[in-house]
Amino acid sequence: TTYRTLMKPPFAHQQVPRLTRRVAELTAELVQPIAQRGHGDFAAELATPLTLRAIAMAVGLTDDAQRQIRALTTNLWEHLPKDRDPGKFWPQFAAMLSAEVTRARERPGDDYLSRLVHEPFNGRPISDDELHSMLVAYCIGGHQSSMNTISHMLCHFARDAAIQHRLKAEPALIPAAVDEAMRL
């Protein structure tokens, strides 16, 4: 419960308007080349970069971390189910997380991670291991689940012509369609 409480602020209600505007701009930027070509890989060109950049915006992860997260999570999922040897995925992930924590401590910005590294936890500073656990939850849980949800939603919409026609005819239904896709 304490960890969850510490992890909520970047996604709190007062942050939603700021994030919504920035995510909408980012989405338009990512969709534009796909629309111009008339086709594209929505998972690779939209869902993956959108979720990585949205999490990074909310938490305050650097561009370097964003570039590494996708490869690190792919590596983690490749090795974890087979051999459970953390030496094949954790050292690289820990190095990236340590670099982010160090940056936030030494060169704090106006981002959530810069505030989090100085938050008290049960009357003491949050340890690096605890910070790593929270960042892993953002990087893997936030990124992977959102990426998969967006990809599945777009795939479902692409395969169902009736839904496409209805949403084009009644755009006011789009928010409810997205909510329903996320619920599913």
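Which residues are buried in α5?

Reply: The model is predicted. In α5, the buried residues are Phe-93, Ala-94, Met-96, Leu-97, Glu-100, Val-101, Arg-103 and Ala-104. An α-helix has 3.6 residues a turn, so residues three or four places apart point the same way. Helix α5 itself covers residues 90–106, 17 residues in total. From its first C-alpha to its last, α5 reaches 24 Å, close to the 24 Å expected at 1.5 Å a residue. The partners of its buried residues are α4 (63–83), α6 (112–116) and α7 (128–159), against which they pack.

Helix α7 also takes part in the largest pocket, giving the most to the lining with 9 residues. That pocket has a volume of about 1,100 Å³. Its lining comprises 31 residues, and those nearest the centre are Val-23, Leu-50, Ile-150, Val-178 and Met-182. At least two lining residues each come from α2 (16–37), α3, α7, α8 (161–169) and α9 (174–183). Sorted by class, the lining has 22 nonpolar residues, 8 polar and 1 charged.

Helix α3, one of the elements that supply this lining, spans residues 42–59 and includes Thr-48. Thr-48 counts as buried because its relative accessible area is 12%, and buried means under 20%. Leaving aside residues up to four places away in sequence, Thr-48 touches Ala-43, Arg-70, His-143 and Met-147.

Terms used: Residues numbered from 1 in each chain as written. Predicted model: local features only at pLDDT ≥ 70, side-chain atom pairs only at ≥ 80, totals over all residues. Heavy atoms only, no water. Helix = DSSP H or I, 4+ residues; strand = E, 2+ residues; numbered from the N terminus. Buried < 20%, exposed > 50% of the residue type's maximum accessible area, 1.4 Å probe, protein only. Contact = heavy atoms within 4.5 Å. Expected span 1.5 Å × (residues − 1). 1 Å grid on protein atoms, 1.4 Å probe; cavity = no way out; pocket = protein on both sides within 12 Å on 5 of 7 lines; lining within 4 Å. Points joined across faces, edges and corners; volume = space filled by probe spheres on them. Nonpolar A, V, L, I, M, F, W, Y, C, P; charged D, E, K, R; others polar.
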